[in-house]
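The following note sets out points for the record on the model shown below. Please read the points alongside the structure.

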Amino acid sequence: MYLYSILLTNLVAIAPGADLVNLLQFPFMLRAIAGAVLMGILGGLLGSFATLRQLSFFSHAVGHAALIGVVLGVLLQLDPTWMLLPFTLVFGVVVLYLIDKTDLASDSVLVIVLSGALSIGLLLTSFVPGYRGNLMRVLFGDILAIDNTDLIVTLVLLVVSGVFLFSTLQQQILLTLNPDVAQVQGVPVQLYRYTFVMLLSLAVAVTITAVGVLLVNAFLVIPASTAKLMSHHFHRFLVLSIIIGSTTSIAGIMVSGVFNLASGPSIVVVQFLFFLGVFLSVKLKLKLN
C-alpha cells in the first residue's frame, strides 16, 4: 500500500488537479482503472513466475505471434480480442511442445517461431481492407477503451491463476527453483508447466488490450524484475511484483488520460522509470554500505 500512496501522490502533484478529478467522473476512466488493477495484479503474479522460470522471452514470442490472431479477427470481422484468446492459448502450448520435442535450445526455437509468426501476421495485414482501427488498437493498446466484458474475462483469468498458483504454491516454488528435484518428489512437472504456460498465454492475450502487442512483454516482465531488485525472499518478491504491477498501471493510465498520451506506452514508461528509480536506489545503498 505504501507504493500505491507514493505513486498516486506524485502523479496528482504533477497532473492538473481539476482535469484529473473530471476524468475520474467518466465511466470509461473508472473501467480503465479497474482494468489496470486487475491486469497489473495478473501481470505481477504470472510475470514473477515467468521471470524466475526464464520464460520472459516466451511471453515475448507469444505476444508478437498474437498479431496473427488479431489480423484473422479483423479479416473475419470478429472482435480481435476474442480471436486472441484461443490463438495465444494454442500457440503457447504448441511452442512449449516444440521446445520439449526438439534438440534445439529453447531460445532458438522461440526466435524461429516468433520470426515466422510475426512475418505471417505482417503479410496478413496487407489483406485488411479499409479502416484498421481495431487492428491498431490491439497493436498499440488502449486501456481507456476496455469494456465490461474485458474486465470480466480478466477477473476470471486472475481468479483461476490465483487459485492454481496459491493452492500449489510450495510445489510451484520447488518447480521454479529446481525442476529435477520437483520431479523426483512426485510433483506433476509437465502438468504444471503446461498449465502455467496456458495461463501465461491467456494473460498475454488479455493484457494486449491495455498495452498492445508491441509492449505486452515489458508489461509482464518489468514489475517482476523491479520486485526482484527489491527483495530476494520469494513471498515478499511475489507480493511486491503484484503491487508494482497494479500501481504502475494505474499511474500510467492517469498520465495517459491527463496528458492525452497513448495508454500502453504511458504504462510501460511509468514502469520503466520506476524500475530505474529502484535500480539506482539499490546501487546507491550498496555503494554507501
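This is a predicted model: local features need pLDDT of at least 70, side-chain atom pairs count only at pLDDT 80 or more; totals for chains, interfaces and linings use all residues.

1. How many residues has α11, and what distance does α11 reach from its first C-alpha to its last? The helix has 23 residues and reaches 32 Å between those two atoms, close to the 33 Å expected at 1.5 Å a residue; the expected span is taken as 1.5 Å times one less than the number of residues.

2. Residues are numbered from 1 along each chain as its sequence is written, and side-chain values use heavy atoms, with hydrogens and water left out.

3. The chain contains 14 helices and 0 strands. Helices (H or I, at least four residues) and strands (E, at least two) are DSSP runs, numbered from the N terminus.

4. Of the 289 residues in the chain, 52% are buried, where buried means under 20% relative accessible area with a 1.4 Å probe, protein chains only. Among contacts (heavy atoms within 4.5 Å) with a separation of 6 or more, 77% join residues 24 or more positions apart.

5. In α11, 18 of the 23 residues are buried, so this helix is largely enclosed by the rest of the structure. Gly212 follows α11 and has a positive phi, near 90°.

6. The largest pocket has a volume of about 400 Å³. A pocket is an open set of points on a 1 Å grid over the protein atoms alone, where a 1.4 Å probe fits, with protein on both sides within 12 Å along at least five of seven lines; lining residues have an atom within 4 Å of a point. The volume is the space filled by probe spheres set on the points.

7. Helices α4, α5, α6, α9 and α11 each supply at least two lining residues, and α11 gives the most, with 4 residues. By class, the lining has 12 nonpolar, 3 polar and 4 charged residues.

8. Ser263 is found in helix α14, which covers residues 263–288. At 3% relative accessibility, Ser263 counts as buried. Leaving aside residues up to four places away in sequence, Ser263 touches Gly141, Asp142, Ile143, Leu144, Ala210 and Ser256.

Definitions and conventions:
Buried means under 20% relative accessible area, exposed over 50%, partly exposed in between (1.4 Å probe, protein chains only). Ala, Val, Leu, Ile, Met, Phe, Trp, Tyr, Cys and Pro count as nonpolar, Asp, Glu, Lys and Arg as charged, and the others, Gly among them, as polar.
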